[in-house]
Amino acid sequence: ELPHTGRLALYLLGLRATCPPASPHRSLVTWLKYYLEEDWTGSRRHGHPLTSYYQYGLGVLALCVHHKRVREEVIRRLLTAQHHGRLGHGGNTVDTEAVVALAFTCLEQRRLVETGLAAELRTAAHRASRSMAEAQGPDGIIGNIYSTPWALQVFLATGTCQTEPAFGQAMAALLENLEAFGTAATMAQVLPVLHGHSYLDIASMHCRGEPGRSRGQRDWGQRWGHQSGGWVSPVLWWLLADTLTPLDVEPPTEVPGNKTVRLLVECPLPWCYELQLYDRPVAVRAAASLLDVLRAAAALEPHDFKFHTQDTPQGPFLTQVLGLEARQEKRNYWQLLTAPNIPLQMGIAEYKPQDGETLILRLSEW
C-alpha cells in the first residue's frame, strides 16, 4: 500500500487553518514525517517517490505550515529533482513545481533552515516562478485550468505577483473559467487566490488566545474564517470533511437537441502494438459531458466498450478503458484530448464537447 502522504498533508493544512489545540495533531505530524521517509524508499528502486513529487512536496509544505523543521536531506531530494527536471506529475509539471516552490518559500520565510540552504530555496522558488510564466499559454492559462491557481499561489507567495505580467493574465483566465471549479478540492485551490492569499498564509496565523477552542473543530474553522478575511474556513474546511452537502441551486437550463461526438481510444507503445483501439461516432444529448459520452458508448456497445472511473475530491477520474488500466506504479494515465492534439482543461464530468468534435483518450506516460 502506498503511503498516504498527500492526503495527510492536505488534512494537516486544513487542520492548521482551523487553529486546533496542539494535542490532536501532534501524532498526525509524526505520521506525516514517517510517510515522507516511507515514500522515499521508492527512490532506491525507481528513482522517485512511491507516490509522486507532488505528494512529497505537499508533505513538506504541510510540515512547514505547522512550523516543523524538516531534515535537510528531505529538502535536498526536492531541490535535486527540480534541478534535474524530474518533477513530472500526470503529464503536467506546473502543479508539482508550484507545490514544491511553495514548500521552498515556506521553509525560507519561516526560517526553518540554515542561511545557506535558505538562499538556495529562495533561488529555486523564483526559478519555478519564471518557469511558470514561460509555461503560460496565449489564453492566459498556466499548464491547465486546475494548475493555474497553484501557479498564482507561487506568484503571491514569492511576491512576484506585483511585477510578473503573467499573474494578471492568469487571473483573468481564471475568472473566465470559474465554472470548471465545481468540487470542494478544486474550490480549495482557487478561492485563496481570488482573495489574494496562498496556503503559506496559514503558517502566519496567530492561534494564541483564541477563545472557546474546546467547542470543536467546526467552531474553530468558522471563527478563523471571520478572523482571516473569510477565506480560511470555506477553503480549507472542505479538506477536513468526509462528506459535503451541496447548496440548493437551480439546475442549469437543459440545452435542447442532440450532438454527435467522435470518440477515439489510443494506446501507444510500450503498452500496445496497435495505436488506435477504438474509433466510433457517439450520439448524445446536446448538454452531455465527456462522461456522458463514455456512458453512451458503453450502452451502445457493452461488450466492445467498457470503462471505469475512480471518485476523487476533484471529481471522477478515468482509470480504465477497454480493459487497459492506468496505474501510478506504471507511471501512466489516461490523457484527455480534443483533436488534433489539444489537452482538455477540464475533467470528464465537467468538459462538454461540441457537436462534431473528436475526443481522444490516450494512455500516456508521466
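Let's start with a term: two strands pair if DSSP finds at least two bridges between them. Helices (H or I, at least four residues) and strands (E, at least two) are DSSP runs, numbered from the N terminus.

Before we go on, this is a predicted model, where local features need pLDDT of at least 70, side-chain atom pairs count only at pLDDT 80 or more, and totals for chains, interfaces and linings use all residues. Residues are numbered from 1 along each chain as its sequence is written, and side-chain values use heavy atoms, leaving out hydrogens and water.

Three strands make an open sheet, ordered 3-4-5, with antiparallel pairing. Strand 3 and strand 5 (324-325) sit at the edges with a single partner strand each, so one side of each has no neighbour in the sheet. Strands 3 and 4 pair over six bridges in the antiparallel sense. For instance, Thr312 has Gly315 in strand 4 as its bridge partner.

Now, what packs on this sheet? That's helix 13, which touches strand 3 and strand 4 (contact means heavy atoms within 4.5 Å). Its direction makes about 145 degrees with that of strand 3; axes are lines fitted to C-alpha atoms, for helices over the stretch in contact, and angles run from 0 to 180 degrees between N-to-C directions.

And is helix 13 mostly covered or mostly open? Covered: eight of its 11 residues, 290-300, are buried. Buried means under 20% relative accessible area, exposed over 50%, and partly exposed in between, with a 1.4 Å probe and protein chains only. Among the buried ones are Leu290, Asp292 and Ala298. What covers them includes strand 1 (258-266) and strand 8 (358-365).
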